[in-house]
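Please read them with the structure open.

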Amino acid sequence: MAGKNRLKKELGLFDVFSISTGAMFSSGFFLLPGLASQFTGPSVFVGYLLAAILIVPSMFSMAEIATALPRSGGAYFFLDRSLGPLFGTIGGLGTYLALVFKTAFALVGIGAYAAIFWDIPIKTIAIAATFIFMAFNLVGAKKTSRLQNFFVVFLLIVLVVFIIDGLYRIYFSPQVAVPAVNEHFSPFLTHGLEGLITTAGFVFVSYLGLTKIASVAEEIRNPERNIPLGMLLSLVVTGAIYVLGVFVMVSLIEPTQLASDLAPAATAVKQLFKWIPDHLGTYLMIGAAMAAFASTGNAGLLSSSRYPFAMGRDKLLPPALSRVGKRGSPYLSILITAALVIVFILVLSEEGIAKMASTFNLIIFMLINFAVIVFRKSNIQSYDPGFKSPLFPLMQIAGILISFVLIAYMGWPAVLFSLFIILVAALWYYYYARAKVKREGAIYHWFALLGQHQHTELENEFMIILKEKGLRQGDPFDETIIKSTIFRLDEGMDFETLVEKMSEQFSRELDIQQQEVQDDFLTASTIDTSLTIAEVAVLFAKLEEIDVPTLYIVLADQGIRKPVTKGNISGEDTIKVFFFLVSPAADVRMQLRMLSRIVSIVERDGFVAEILAHSNHRKIKEYLLQNERFITVQLLRGTLQAEMIGKPLKEIKFPPDVLVALVERNQKSFPPHGNTVLEERDILTIIGEPASISKLFESYMTYI
């Protein structure tokens, strides 16, 4: 992927939590409780709890794919790479419009609450807010997330105080009857179970902020940890505040008034916050509402703008939408999204939009759950999620059935709207994008045995994503490099002879069948093209008999001619650096991550010339390691490290997460053990976690 189409990784765990949580607190808390109570009465807070539970399967599925494929575009990218570009177009355009609708609705909410203070038309304020958030988004995701963090922290403080004060007044003061005798709670289910399910579907839109995280996954640091953890924390916190907050509203507001109240939180707070000056509590809640709508509008503009960006990058929309500005944001996509928001602000209403947004997202959730099944069953080895959905495939089947049932309760207008969006997206694909896109989804890999066409480039794309994600904690890459064997060829040799000799060497060292490893090295793989780099060859084998990976590195200054296939073109390249990696067959994805790491090292500028210039094996291995993960220390008299001279390695205290991996003595290198006695002028290669290596760096400054 070209650098100009790459987004910066600027978002951490709290940013993930903030974007997701901020996107959920607006209409869901400050507007929808009253409207939703029309369907089920005082049990409306149970509807919020039910909706939170019902979204869990889809959240798990979204988190799994997002950690495997952290790319902008969220549902679009996932559906495109699993079910193909037609479903990607449908999912992308539909989810994009649903997010834009919700963003516009949130900005109208800002106008409605701001109008309490200023005599300015609601839509004028909403449009002004759109321009403000557009400006923040144009300067980059990190700046946007800082604004988002402020909104969310302020909002959570006010809502937590609202709930604590409300529960105290309900259970510990005579002014409000406890639920057991409170007439507001009778009858509890005014329209039975059907009404409760309808309510859960109606307020389902309140939890759609969870999906917004997937659309900015490409900009999240350490996505394999931060995406699932951030989504789970957000759902727990948001669900608890929704349920408890709406419970307080039901307790304090008479049922018929609640059903017609478009600002139930502001109404409820009039009976609370008696411990602060008059009306200040109301103003605080109004301020919290404005912060909620602002955070939703801000997060909505941030996440929705990534859909046309990603679709433009994949040629489903005009490529100009994928341009990234100097500040690292997709400026054209943001501008167009802001323009659409303004249009919708001028024409949209409330209740119908909530149902329409919920209905289409339920359809997307059905497809996302199915996509996880497709990815797992396709056996694409480079599909390597850092988080795996539990109870597969029962969790995904449950998610599909839940979405189907909730859609049935949304009503025909919402269903027809979704069908219209699907039709428009399908027509756009067939008449604009189909001729420009030459890929298929993972579903073709699943059904390959039926003679369907596999899109081999999908494996290569996933390998690129693996390379960008980097190694996973526990991957023995550093140890494998340290223990690797390096061969230098001074005489000419043909490729087949080299593979035979290396296979024979592996056979002796690992006690395995030579022919088995030799055949594996020479077998063509779907990821071979992603391992093809000028003057470098990366060959790999998987064996049942071994437990840890083993690496041989062959340096051939004269070069060896090797057959190479690139697309439909076959030929020969002159190879000067060979990597032969043998890994346990039980952990194929660990091998792929290690191969991806080797490729990222090989792609350094001047790699071949630099590695061939080193005659010392220790320096070659250090060149292949990550700089922040190792130091080299020479034991010399008169230095701090002189205290190690003459001591066995086991008696020397190092931080617990570092290892003396290599000792060079008299120009020969060897891996030490606990009883190895260190001598003057020994050169130690120490590997470990970056923080500990940094501390050692400050202590031992003698480097080679």
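1. Is Glu 622 buried or exposed? Glu 622 counts as buried, because its relative accessibility is 9%. The cut-offs are these: buried means under 20% relative accessible area, exposed means over 50%, and partly exposed lies in between, with a 1.4 Å probe and protein chains only.

2. A word on the source. This is a predicted model; local features need pLDDT of at least 70, side-chain atom pairs count only at pLDDT 80 or more, and totals for chains, interfaces and linings use all residues. Residues are numbered from 1 along each chain as its sequence is written, and side-chain values use heavy atoms, with hydrogens and water left out.

3. Glu 622 has a charged partner. Its side chain meets that of Arg 618 in a salt bridge, at 3.2 Å from N to O. The term means a side-chain nitrogen of Lys or Arg within 4 Å of a carboxyl oxygen of Asp or Glu. Both residues sit in helix H28 (residues 617-624), four residues apart, about one turn of the helix. Arg 618 is buried too, with a relative accessible area of 2%. Helices here are DSSP runs (H or I, at least four residues), as are strands (E, at least two), and both are numbered from the N terminus.

4. The structure holds 16 salt bridges. One of them joins Arg 593 to Asp 475, at 2.7 Å from N to O. This pair links distant parts of the chain, 118 residues apart. Arg 593 is in helix H26 (residues 588-602), and Asp 475 is in the loop between helix H22 (457-469) and helix H23 (477-483). Arg 593 counts as buried at 7% relative accessibility. Asp 475 counts as buried at 13%.

5. Now a pair with partly exposed partners. Glu 535 forms a salt bridge with Lys 576, and the closest N and O atoms are 3.8 Å apart. Glu 535 lies in the loop between helix H25 (514-522) and strand E2 (536-543), while Lys 576 lies in strand E4 (residues 569-584), 41 residues apart. Glu 535 is partly exposed at 31% relative accessibility. Lys 576 is partly exposed at 23%.

6. Next, the sheet. Four strands form an open sheet in the order E5-E8-E6-E7, with antiparallel pairing. Two strands pair if DSSP finds at least two bridges between them. The edge strands are E5 (630-634) and E7 (668-670), and each pairs on one side only. Neighbouring strands are turned by 25° against each other on average, direction ignored. Axes are lines fitted to C-alpha atoms, for helices over the stretch in contact, and angles run from 0 to 180 degrees between N-to-C directions.

7. Look inside that sheet. Strand E6 (residues 658-665) is joined to strand E8 (residues 683-688) by six bridges. Val 658 stands opposite Gly 688 in E8. Helix H29 (residues 690-699) lies across E5, E6 and E8, and runs at about 145° to E8. Contact means heavy atoms within 4.5 Å.

8. Helix H5 (residues 56-68) is largely enclosed by the rest of the structure, because 12 of its 13 residues are buried. Among them are Pro 57, Phe 60, Glu 64 and Ala 68.
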